[in-house]
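Try each task before reading the solution below it.

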Amino acid sequence: MARKPMTALDTALRWTNVILRGLHLVAVILLGAALLGAQLDAGQAAIGVAATGFAMFGLDIWRKPQHLREAAGLAVLGKLILVAWMALDASARPVLFWLIVAGSALSAHAPARFRHAVLIGNDSH
């Protein structure tokens, strides 16, 4: 089956996602460094993680609304809730950071049939 050609919008969204993903990784690294004792503001880094995470999630949902019904989309939503909590509660940051890292590793590398399993509603659409 041949793929349809990418439109200019598809290309722009793909590069926007690549840039957001890069910024997200930088924010995660800064947050981890702050939590390990670097002289960085962990709160600001957590806000950066949340902002880039919500932006990427928004793009994902816009392009594929059913993503919010799948295990992967629900896992991202759960991580974003934990990141928002982390941004607001300094005492919980270390534990939440490692829970999110572990959850991210599991959800990102699980088999596709698990990641894309529809957990909310039916799969008839």
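**Exercise 1.** At what angle do helix H1 (residues 8–35) and helix H2 (residues 42–63) pack, and how far apart are their axes?

A word on the source: this is a predicted model, in which local features need pLDDT of at least 70, side-chain atom pairs count only at pLDDT 80 or more, and totals for chains, interfaces and linings use all residues. Residues are numbered from 1 along each chain as its sequence is written, and side-chain values use heavy atoms, with hydrogens and water left out.

*Step 1.* H1 and H2 pack at about 155°, with 8 Å between their axes. Axes are lines fitted to C-alpha atoms, for helices over the stretch in contact, and angles run from 0 to 180 degrees between N-to-C directions. Helices (H or I, at least four residues) and strands (E, at least two) are DSSP runs, numbered from the N terminus.

*Step 2.* H1 and H2 are therefore roughly antiparallel. Angles under 35 degrees count as roughly parallel, over 145 as roughly antiparallel, 65 to 115 as roughly perpendicular and the rest as oblique.

*Step 3.* The residues in the contact of H1 with H2 comprise 18 nonpolar, 6 polar and 3 charged. Here Ala, Val, Leu, Ile, Met, Phe, Trp, Tyr, Cys and Pro count as nonpolar, Asp, Glu, Lys and Arg as charged, and the others, Gly among them, as polar.

**Exercise 2.** Describe how H1 packs against H4, and list the residues that make the contact.

*Step 1.* The angle between H1 and H4 is about 140°, and their axes are 10 Å apart. H1 and H4 are therefore oblique to each other.

*Step 2.* From H1, the contact uses Val28, Leu31, Gly32 and Leu35; from H4, Arg93, Pro94 and Phe97. Contact means heavy atoms within 4.5 Å.

*Step 3.* Sorted by type, the residues of the contact of H1 with H4 are 5 nonpolar, 1 polar and 1 charged.

**Exercise 3.** Find the aromatic pairs: how many does a search of the whole structure give?

*Step 1.* The search finds 1 aromatic pair. Rings of Phe, Tyr and Trp (its six-membered ring) pair if their centres lie within 6.5 Å; planes under 30 degrees apart count as stacked, over 60 as edge-to-face and the rest as tilted.

*Step 2.* Phe97 and Trp98 form an edge-to-face pair, 4.9 Å centre to centre with 85° between the planes.

*Step 3.* Now check accessibility: Phe97 is buried at 9% relative accessible area, whereas Trp98 counts as exposed at 51%.

**Exercise 4.** Step back to the whole chain: how many helices and strands are there?

*Step 1.* The protein chain has 5 helices and 0 strands, which read along the sequence as α-α-α-α-α.

*Step 2.* Of its 125 residues, 30% count as buried.

Methods:
Buried means under 20% relative accessible area, exposed over 50%, partly exposed in between (1.4 Å probe, protein chains only).
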